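Thanks, everyone. I'll take a few minutes on one interface. Have the model open as we go.

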Amino acid sequence: MMIRAHNIVKSFGDTPVLCDLDLDIRRGGIYGLAGRSGAGKSTLLRCINGLESYDNGSLIVDGVDVRTLSRKDMMAFRKRIGMIFQHFSLLERLTVYDNVALPLRCWKYKSGFIDRKVRELLEIVGIPEKVRQKPRELSGGQKQRVAIARALSMDPHILLCDEATSALDPKTSQAIINLLIEINKQMGITIVFVTHQMSVLRGLCREIAILENGKVAVSGMVEEIFRQQPAALRNLIGDDFAMPSEEPAKMVVLVLPDTVTGSFVSRMAVELGIDFTIEGETSTFSTDAVPGLPVSFPEKARHDVEDYLGRHNVAWKDINGHDGRLEPIETYRERYNAQMPVTQSEAV
Amino acid sequence: MHSTSYSAYWWKYFEGIIAPSIGATLRMLSTSMALSFVFGFILAYFLVLYGPHGLRPNRSKYKVLDFIVNSIRSFPIIILIVALSPVTRIIVGTSIGEKAAIVPLTLAATPFMARIIENSLKGVDKQLIEAARSFGASDFQIIMKVMVKESVPMIVAGTTLSTITFLSATTMAGAVGAGGIGAVALNYGYQSFNNTVLYTSVLLLFFMVLIIQWAGDWLYKKTV
């Protein structure tokens with residue numbers, strides 16, 4: 001475990017923020033912390049790198065008990081933990097180069113080393129040409145890239161992200177997510193991402209925890225949680241967006257051939273006369289999940305849908321798991337490749 | 001003919017009395033501003049460090065500093081000069097003249113500068129300070145490399161303001177024995193019923209204010 005929190009208690013004056021919170025975060029993973037504002041997720045994040053203290057409990061981060069550290073040791077400990085923020089937190093008067101170099105300068109590295117490191121980092125985050133620019137000349141996405149480069153300058157083991165994509169438009173935010181996934185893969189850095197954006201949780205995180213009133217209300221693999229739709233998730237999304245609970249719903253992942261677009265789903269909805277809910281964008285939630293389009297529809301229309309999908313040669317995976325036809329993705333691929341022309345003409 | 005004799009008359013006063021006083025005023029102003037900047041900066045450093053939302057909040061230490069700053073600021077400059085004259089005599093050996101004026105001027109300007117620098121530093125985004133903490137910067141580094149760095153334009157603007165305020169303070173000091181343009185305007189101008197000296201001095205002060213403001217604005221634009 002990279003981070004192990006046990007019975008964490010924290011309050012600001014009379015206001016309790018974290019109440020007996022337990023959390024385990026695996027080494028090398030990407031972990032999402034979600035919750036409404038005031039649920040304590042940002043405070044928890046700040047406890048991890050000692051920006052906030054906690055009143056009680058134990059918090060072991062990267063093998064170190066955060067509470068026992070002296071001021072000096074705390075500073076050294078923080079070198080191992082990078083952090084990025086919603087509003088980027090760059091020094092407006094410094095160039096991109098000087099911003100990224102700042103932590104290295106604070107730790108008194110030699111200028112030759114700093115120079116190499118800064119250029120290498122800007123290469124990694126994809127903005128090597130912006131080296132002499134000032135933050136105000138950059139877009140939001142580019143600023144966050146600079147902040148990521150700065151956070152990586154001390155070769156951290158953990159990267160903490162506090163609403164790091166909340167100030168960005170969806171496209172830019174996806175690009176930042178892709179960058180973080182890449183960083184996690186290439187460097188093996190554990191990422192802890194605080195957010196209230198569902199698309200980020202689903203697109204980035206492998207495991208998530210939803211915080212409510214300073215406690216972990218639910219935690220686990222992201223696709224499990226989105227499938228089961230526990231109360232904590234529904235509270236977070238708001239009932240408008242959650243599935244109507246009166247009607248038992250079924251959720252499947254459609255494996256659409258490349259040639260089939262989203263209109264397939266609307267055509268199916270029109271032809272069958274039922275409502276489909278598209279559950280997020282094209283699923284990228286985890287490497288072992290089926291790539292495809294998660295949709296849900298009323299349970300009672302199951303046979304019609306099954307039949308329709310069968311007729312159109314669209315493979316689907318029932319992610320409720322317990323019933324329905326489930327076709328392994330490999331079988332699907334073989335069949336799809338063999339019947340390519342037929343599938344295409346039928347599906348388009 | 002008349003105009004030549006007037007300009008000769010003007011030149012006589014200007015060369016003999018006013019011109020030397022310009023140097024005295026500039027020396028008083030620049031020395032007291034430089035000293036008060038240094039002392040004010042040190043005070044501001046600790047105010048920001050120990051302040052209620054500071055880097056290392058310490059109620060009692062902050063209270064003491066805060067009290068010192070507030071109580072010095074509550075004295076009008078002219079009272080301070082008179083009241084401090086024994087101390088001044090100990091420090092510079094005399095209680096009249098431009099050297100003597102530097103002591104109370106510096107003392108009066110220090111808390112002023114301290115507040116200006118403190119407010120500039122406090123204006124730095126909290127999250128930026130958190131970011132600096134998160135990569136392991138020390139409190140000293142956070143103040144010097146992040147807060148000061150980011151608030152240079154604010155500090156420049158504040159210093160301009162305070163320089164102009166204390167230019168007028170040096171003229172008031174003229175009333176109680178300091179040299180400079182203020183003393184000339186009062187002693188040779190006002191009290192000797194010499195309007196030429198009085199209004200020339202006023203005009204000079206006016207131009208000095210313009211130049212200081214212009215230089216300050218230029219520096220602000222350079223640093224922003």
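Start with packing. The buried residues of helix 6 of chain B pack against helix 1 (41-48), helix 2 (71-78), strand 6 (81-84) and helix 5 (140-152) of chain A, together with helix 7 of chain B. Keep in mind that this is a predicted model.

Which residues of helix 6 of chain B are buried? They are Q127(B), L128(B), I129(B), E130(B), A131(B), A132(B) and S134(B). That is seven of the nine residues, so helix 6 of chain B is largely enclosed by the rest of the structure. After this helix comes G136(B), with a positive phi near 90°.

Now the whole contact. Chain B gives 21 residues and chain A gives 26 residues. Together the two chains bury about 2,100 Å², with 55% of that from carbon and sulfur atoms. On the chain B side, Q127(B), S134(B) and F135(B) lose the most area to chain A. Those three make up 30% of what that side buries.

Which elements of chain B give two or more residues to the side touching chain A? Helix 6 (126-134) and helix 7 (139-173). Helix 7 of chain B has the largest share, eight residues. By class, that side of chain B has eight nonpolar, six polar and seven charged residues.

Methods: Residues numbered from 1 in each chain as written. Chains lettered and ligands numbered in written order. Predicted model: local features only at pLDDT ≥ 70, side-chain atom pairs only at ≥ 80, totals over all residues. Heavy atoms only, no water. Contact = heavy atoms within 4.5 Å. Buried area = accessible area lost by both parts, 1.4 Å probe. Helix = DSSP H or I, 4+ residues; strand = E, 2+ residues; numbered from the N terminus. Nonpolar A, V, L, I, M, F, W, Y, C, P; charged D, E, K, R; others polar. Buried < 20%, exposed > 50% of the residue type's maximum accessible area, 1.4 Å probe, protein only.
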